[in-house]
Amino acid sequence: MTTVLTSASPLTAADRCDRCGAQAYLRVVLLTGGELLFCAHHGRKFEPELKKIAAEIQDETERLTAVPESSAEEER
């Protein structure tokens, strides 16, 4: 998935996937206006179609594999 940096606010735990209701990690701003939210799974599944209709894609899936600072400090 291509990451596009936007001025949109970060996604939160309250943002849910429009397909399954899981936490959303992708915001797709449509060329026609409006937006769709997807979990990482459905974002990958629908990626080819989304790229055709998206003005912007805000991809925060890297948060799924990021190590929180507090965990990194504990390992030291």
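1. A word on terms to begin with: a residue is called buried when its relative accessible area is under 20%, exposed when it is over 50%, and partly exposed in between, using a 1.4 Å probe and protein chains only. By that criterion, 29% of the 76 residues in the chain are buried.

2. Please keep in mind that this is a predicted model, in which local features need pLDDT of at least 70 and side-chain atom pairs count only at pLDDT 80 or more, while totals for chains, interfaces and linings use all residues. Residues are numbered from 1 along each chain as its sequence is written, and side-chain values use heavy atoms, with hydrogens and water left out.

3. Now the overall layout. Helices (H or I, at least four residues) and strands (E, at least two) are taken as DSSP runs and numbered from the N terminus. The chain holds three helices and three strands, in the order β-β-α-α-β-α from the N terminus.

4. Two totals for the chain follow. Taking a contact as heavy atoms within 4.5 Å, 45% of the contacts with a separation of 6 or more are between residues 24 or more positions apart. The chain exposes about 5100 Å², with carbon and sulfur atoms supplying 53% of it; these areas come from the Shrake-Rupley method with a 1.4 Å probe, and for residues only the protein chains shown count as cover.

5. On to the sheet. Strands pair here if DSSP finds at least two bridges between them. The three strands form an open, antiparallel sheet in the order β2-β1-β3. Because β2 (35–38) and β3 (54–59) each have a single partner strand, they stand at the edges, and one side of each has no neighbour in the sheet. Neighbouring strands are turned by 15° against each other on average, direction ignored; the axes are lines fitted to C-alpha atoms, for helices over the stretch in contact, and angles run from 0 to 180 degrees between N-to-C directions. Four bridges link β1 and β2 in the antiparallel sense, and Val29 stands opposite Glu35 in β2.

6. Arg27 deserves a look of its own. This residue lies in strand β1 (residues 26–30) and is buried at 7% relative accessible area. Its side chain reaches the backbone oxygen of Ser9 at 2.8 Å. A polar contact of 3.2 Å also joins the side chains of Arg27 and Glu35; such a contact is a pair of N or O atoms within 3.5 Å, where within protein one must be able to donate a hydrogen and the other to accept it, and residues adjacent in sequence count only if both atoms are side-chain atoms. Leaving aside residues up to four places away in sequence, Arg27 touches several others, including Ala8, Asp15, Leu37 and Ile57.

7. Which salt bridges does a search of the whole structure find? There are three, a salt bridge being a side-chain nitrogen of Lys or Arg within 4 Å of a carboxyl oxygen of Asp or Glu. Arg27 and Glu35 form one of them, with the closest N and O atoms 3.2 Å apart; Glu35 is partly exposed at 43%.

8. The others are Glu47 with Lys51, closest N and O atoms 3.2 Å apart, and Glu60 with Arg63, at 2.6 Å. Glu47 and Lys51 are four residues apart in helix α2 (residues 47–53), so about one helical turn separates them. Glu47 is buried at 18% relative accessibility, whereas Lys51 is partly exposed at 44%. Likewise, Glu60 is buried at 10% and Arg63 is partly exposed at 36%.
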